[in-house]
Structure formats: C-alpha cells, structure tokens
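Here is a friendly set of notes for anyone opening this model for the first time. Have the structure on screen and follow the points in order.

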Amino acid sequence: MRIFKRLEAAVLAAALALSLVVLPASAAPGSFTDVSDPNTALNADILRLMGVVSGTGENRFNPSGSLTRAQFCTMVVTFLQRGDEAPRYSTRTIFSDVKSGHWARAYVNLAASIPVSESDGENSSSIPLVSGVGDGRFLPDDNITMAEAATILLRALGYTSKEAGAVWPQGYMDLAASTGLTEGLDLPAGTAINRAQAAQLFVNALSCKTKEGKAYYETIGTLSNGQEKTIVLSVNVETDDGSTIGAIRTTGQSKDSEAYLPAHGDGNVAALQGKRGYLVLNDKQEVVAFVPDKSTVTTIVLNGSAQANSVKASSGQQYTISSGTTVYTSASDAGKDWLEAYASLTSGTQLTMYSEKGKIVAVYATGGANTIDSDAVVVMGTATAATFHHLTGGVTNFSVIKDRQPIRLNQIKPYDVVTYDPVSNTLVVSDLRMTAVYSDPKPNPKTPQTINVVGKEMEVLESAWDTIGDLKPGDSVSLLLTADGVVAGIVPASAQVRSTAIGTATEGGVSIFLPGGGTLDLSGKVTNASSVTADEPVVISSVKDGFSVSKLPVNRAPGAFDVAGLKLGALTVSPSVRIYEQLKNSPLQSVDRGSLTMESIPADKVSYHANSSGVVDYIVLEDVTGVAYIYGMMVGGYEEIDGKERYVWYLRSGSQDIQFSSATTYRGQSGDMVGVVLGTNRDDSSTIREIVKLQEIRQVKVSDFFESQGEYYVRVGAHTYQIADNVECYYNRTGNKVSKDNWLTGGTGTERFNSIKTYSETFSIYVDQVGQQVRIVVAN
C-alpha cells in the first residue's frame, strides 16, 4: 500500500475554518456525529471525500444549519477541483462588500472569474460562474436560496440562460428539475437552503449531465472499475506508515493490493462502507469522488442461516436470492456466487442487498469472520477505549459485539480476545479458548508465527508474543483464539482460562464452532468419542496426541424463550445462538432458528449455556419443534430371516428406507404415517426409541395451500399449518398406501411439495402434534 500523504493547503484551511468546511479538531475516522439520517450521512461523506466539507468542529456537520453565499461559493470552487487556484485571487477587489479582511475573498473572486461559455450557434460569449446583486455588491454573508444555489451549480455544469431561458428564477428551476439536479428536494425558489440540502444538491450534480452531454463525474476523472459498479468494502484501511485515515478498498481489488487514497479532504468517510456506485480517480489513481448508484438498498440481520435460494430477516421478512448473485465481504476481492457463499452466512450476519428492477443483484455481508482485522488485543485487565487505540486508529465511537450480540465495553472480560472490524466500526470480542500442549512453535518459542495443534499448523498473531512469558514447548497452555479461529494469545493452562471451545466430535476429529461463523476443523483421535453422539455439542480440549471432550454444561431457563425478541427470561440471546432439540433418551438434533414458528417457548422446555459475558449462545429444547423425529410411513411385512418367517418393520419415505431390528414391535398398522426417534443397537441396527402417530387431515383442496414470505402454509378450517421445509410427499396412485415406489424422491422438501400439488385436486396432510407442522402430504 502507498504511504498516506496528507494534503497541506494553508490558504484553503484558513478559508474553510470560518465556513461550512471547518477541519475537525481530531482526525478520528467516521461519519459526522450529529447526522442520523443515512442519506444525509452518505451525502456529507461524499463531499468530505472530495474536500468540499470537513465539518464544523468536533466532527459535526450541523445539517440543519444555514449556509451563506460565500460558503456556497467556497464549496463550488472545491467541487470544481479548482481550490488550488484560490490564493491567486486573494488580492483582487471585484465586489465592494468582499473586502481584504473577508475570509472567503479569494474563493468569491475566483468563482466570479470562472467563465461559463454561452453560444447562440453563431456568436459566443461568456458569463461568470457567480455574479453580484447588481450594484457592485455580492452580499457574501446573506443566506443562499434554492434558486441561487441551483443557478450556480447549473452554470458549473456549463448551462446558461440560453438553455434555461430569460426568466429567472423559474427558467433555472425548471432546468434544474429536468437535469435531476433538484431530485429529492422540493423547495420554493426563494427558500434559504440548509447544509443537508446543499449536500444533496452537490451529490446530485455529480451525476447530472453537463451541457456537453457527459455526466459531471466523468469530467473530473476515470472510474476505478471501468464502467462496472463497485462496492466500497472498507475505508480507513491501514497504509504502509500505519495510518488508517482515508485509504479505501473496493471490489475488484485483492486484500493485499494498494488501497486508493483521497486526493483531497481528510478521508473520514465511514458512511461509504458497503455502498455501491462508482469510485472516481484522478490521473494519480487518487480518489476524487464517489457516485452512488440508483439501486434499492436493503439491510437485514439474518434470522437463521441463509438458504440456497432465500434469506429471512430478524423481522420475519423473506427475500429471494438466486444463483448468479455475487456476495462480497471486506476480505473478498471479487466476491463469490451465492450458491458458493450462502452456507457460510449464519444467523446474526448482516446483509446489505442491492436490488434493480425488483431483483437482488449483489449482496454485501458483514458481521462475520471475513470482516475481522488481522491484528488483535488480549485483554488482561479492565478494558477501556484506550486499550484498543492501535486497533481503531484512535476511534472511540465504535460498537462492541460478542457472539454477534452488542455488549458494553465493561462486559469485556480478562483473557477475551478483541479484533476490529473497520467496515462496521466494531470491536469483535471472542472468549474462545482451548487447552492444548505448546507444540512446534516456529520460528521460535518466544515469537512464534505458527504452532502445531494435533498435526494442524495454526497461525499465531503478534499479540500472542506478549502473553507467552516463560512458556516452553511441551507445557500445558490455553490458546486464546479470535472469532475466526486464529491464535491471539498463549497462556499457562489454569482454571481461569479453561477451554470454552464448543463443537462436535467424532472418532476422527473435532469441529469447533467459531463465534464469527463457520467451524475450525481439526483431525485427530478423540479419546472418549464413544460417550457422545456425532451432532451433540461438546466442550473440546486438545491433549498431546488428540482431543478430549466433555458434555456441554447447561442450566434451566430463568424464563420463557422469546424467539423473535431474543430473550430468555431476562437474559439476552445471541443472534447466532445455536439451538438443539432433545427427547428423552435420544440424541440432540440441530434446529435452525429461522424454522421456529412459535413466538414463545415455556421455560420448562428450555435449557441454556451462556458465554463469559452472560449472553446465551446455546439453547437446548425439550420436544418442542418436532425436528427430533424422522417422518415417514410404517410398513410391516413378513420376511425370511435366518430361515424363519419374521414380521419386520420399515420406516419409508422419499428420503430414506430404514429397516428396524427384527425384535422391534409396533402396535399400530402398516401404512401409518408417523414420526420416529431412532436408536442404535449393539449390532448397529436401528431401533425405535420413541414413536408418535401424525394427525391425519383429509379432503384438503389444492386451493387451501398458499405461500407467504417464502414459506408455504395450508389453511384448514380455523387452523393454519406451516408446510415443513423437509416435507415428504406421497402419490396414492394405486390406492395402496404401502407402495414403496409412490414416494417423491430427490430435491428439497419445497421442490417435492410444489411437484405433488400438480398431482391432484385433493390431498391428505399429516401434522406432527409437537411442532404443529405438516410433515407428509399425500395426493389422493
């Protein structure tokens, strides 16, 4: 990356100090602190990037404040990229009331000296960009009106009364409307405009066509990504000299390529993060402007994991996303196709979706592991804003999240690892720890860059070097990990830093759940793997030649689980909470939070685990949703086994065909639609641990089915049931329910359901009594 060079312009700084564009007292990056409207924040930061504004002190923009004619002239001169010429006009007298002591004299004089050509086809002449009020005066300190501002900007675009007409101000107001200059502003011509309204005018002007027919931004530079729209992935990224002010990285760049630096201004443009449009560069490849596109922007937080063709927001709204849609993160140079990326987008991830003509065309994801910086701080005492100064570059208005849940600064605990996400200006806190043996540190034990954990080489950050102390290879240690699974600290093993690594285990290795999403997969022998099931969450420790696991400790819930509100009694539930369901004597089954249809779950049905800050990160439900069952048809019949006729039971559906032990008994009838919880015998054969018969509802019409926000339902009398995502479908074409060949196979449950609806006009549906969802649909 290039070293950041701050533009020094003493005359310009002095002029701006008395106008709209006063330089802030500190260089802390970020949007203006007094702007709450997202559109105004974006407009203000675009002008800040261009050097047109820098605030009114203390990083404030004063959006509702008034704007004088002199201040507007100063902004226009800078907008035209001609601020460097101003000092040459400081000694001239053009207007009698803009005297030598006036702060804006150079800028007003320059603006009055910039010619705007006008021609009638045969003769040509010019008029000044700005003019006085007719008696040699300019009235620099009068508030500027809408008509005056529009007229000046239209002249900056090359238009004169030849195009606007001789009647002022109406001719210019009509021309401003037709060019798009006043889009979003419905103000009478004589109204004094405020700073926010002026910012909208300038940003509109960037896209307006000049008199010659080119968009204005095309006249001041070239586009960073050709004619392709770009997304600003991150701003204020670190440069070679350690500065974090101003450098911008966009799509089309690799993470290690040079960042674009601003040609003007202080570069504090956090509002541009995640925005889509055009980055305009000068011939030195410096940023001179950003032009937002016209796509519709929607930002959501995922409720449940992303699906292959859709996402659900925490509000319950469903959005369809198709293959071919590109997904970007701050760590992605070119993005990934949705089908390749969606599996890593888990509950709690923030998505910004860009739509054109009703179709989502691009997605920007933040809040997960991919947006975390590569530097870290290991907290060893009380955390303050100063603790993270070198991560944030001095920013103090950051937010703090742990397990994707906002927390307070004082909730950060000793031995927590903290990284910084510059995209969202967020400290990302991790209490992920795993006990291990200090093995094979390279290049040396004091300043390792990698260590070995059961055969896997793991990256070690420099932050760990301050925590190692006198540790030697072979010592028992606790690895302090970032939210994306990188070693940020190595400390002696003790009860205070016992393992918090939670995941799943098999005989061949473990998968550790990462707070930033995804898993850290490690291969190696698990000494007590037989004591847990494959999908059961366990606490993981690394031993010399493998791993050891223990049951995840859970507590009884202090109150009901508010699913939408993410509350468990008075406790806060993480948006990325992992939810499981268990029946008596049955293994745990994972439940996607987005599939929970109930608003509240009673406390006596819920157990939980909380992280070190008291935020609930794991929930275990007791027979609440019905996902712990496998659904299908019980089919019985005689078969010859070991030379004897035995009555054998099967559970059949379109997804599976399970044969039970010959000793299994079922008191129902062959052809019953049921839900079964399976167990395994010593000989690896399946057995029934629990079975429920589904509620049958007949004479359902195809018109009773309907779709709402991407989910399918059926309305039967006064009841509405959701169609399960993995619904099984059966076509009773022979009148024989036990026919194996009548099940619809392959595809998703949604695909099978949409297919079965075409088979008949009447159906039977089978509803589980626990989750109250339709598990089987039969076309009659």
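**Notes for a first look**

1. Let us begin with a pair of helices. Helix H3 (residues 69-79) packs against H5 at an angle of about 25°, and their axes are 11 Å apart. The two helices, H3 and H5, are therefore roughly parallel to each other, as angles under 35 degrees count as such. The way H3 passes H5 is a right-handed crossing. On the H3 side the contact is made by Arg69, Phe72 and Val76, and on the H5 side by Glu148, Ala149, Ile152 and Leu153. Please keep in mind throughout that this is a predicted model.

2. Next, the nonpolar cores. How many residues does the largest nonpolar core have? It has 87 residues, and among those with the most contacts inside it are Leu47, Phe72, Leu181 and Leu206. Helix H5 (residues 146-156) gives the largest share of this core, with 8 residues. There is also a second, separate core of 31 residues, which includes Val454, Met458, Leu479 and Val510.

3. Which residues does leucine 181 contact, leaving aside its neighbours within four places in sequence? They are Ala150, Leu153, Leu154, Ala176, Leu201, Asn204, Ala205 and Cys208.

4. Helix H2 (residues 38-50) and helix H8 (residues 195-207) have axes 9 Å apart and pack at an angle of about 65°. H2 and H8 are therefore roughly perpendicular to each other, since that description covers angles of 65 to 115 degrees. Their crossing is left-handed. From H2, the residues Asn39, Thr40, Asn43, Ile46, Leu47 and Met50 meet Ala196, Ala199, Gln200, Phe202, Val203 and Leu206 of H8. Leu47, Met50 and Leu206 are among the residues with the most contacts inside the largest core.

5. Now look at valine 133, in the loop between strand S4 (124-128) and H5. Is valine 133 buried or partly exposed? Its relative accessibility is 40%, so valine 133 counts as partly exposed, a class that lies between 20% and 50%. Setting aside neighbours within four places in sequence, valine 133 is in contact with Arg69, Phe138 and Leu139. Valine 133 and phenylalanine 95 lie 38 residues apart in sequence, with 9.7 Å between their C-alpha atoms.

6. The hairpin of S8 and S9 is worth a visit. Strand S8 (residues 276-281) is joined to S9 by 5 bridges, and the two run antiparallel. Leucine 281 stands opposite valine 287 in S9. The hairpin has 5 residues between its strands, and glutamine 285 takes a positive phi near 60° there. Strand S9 (residues 287-292) is mostly covered, with 5 of its 6 residues buried.

7. Apart from neighbours within four places in sequence, glycine 221 is in contact with Val280 and Leu281. Glycine 221 and valine 288 are 67 residues apart in sequence, yet their C-alpha atoms are 7.4 Å apart.

8. Strand S25 (residues 476-481) pairs with S26 over 5 bridges, and leucine 480 has glycine 489 of S26 as its bridge partner.

9. Finally, an open sheet of 6 strands runs in the order S46-S50-S51-S49-S48-S47, and its pairing is mixed. Strand S46 (695-701) and strand S47 (705-708) stand at its edges. Here the twist averages 45° from one strand to the next. Strand S48 (residues 711-716) and strand S49 (residues 719-731) run antiparallel, joined by 4 bridges, and valine 714 has tyrosine 721 in S49 as its bridge partner. Helix H12 (residues 749-756) packs on this sheet, touching S47, S48, S49, strand S50 (762-767) and strand S51 (773-779), and its direction makes about 85° with that of S49.

Note on methods: Residues are numbered from 1 along each chain as its sequence is written. This is a predicted model: local features need pLDDT of at least 70, side-chain atom pairs count only at pLDDT 80 or more; totals for chains, interfaces and linings use all residues. Side-chain values use heavy atoms; hydrogens and water are left out. A nonpolar core is a set of buried Ala, Val, Leu, Ile, Met, Phe, Trp, Tyr and Cys residues joined through side-chain atoms within 4.5 Å. Buried means under 20% relative accessible area, exposed over 50%, partly exposed in between (1.4 Å probe, protein chains only). Contact means heavy atoms within 4.5 Å. Two strands pair if DSSP finds at least two bridges between them. Axes are lines fitted to C-alpha atoms, for helices over the stretch in contact, and angles run from 0 to 180 degrees between N-to-C directions. Angles under 35 degrees count as roughly parallel, over 145 as roughly antiparallel, 65 to 115 as roughly perpendicular and the rest as oblique. A crossing is left-handed if the near helix is turned anticlockwise from the far one by less than a right angle, and right-handed if clockwise.
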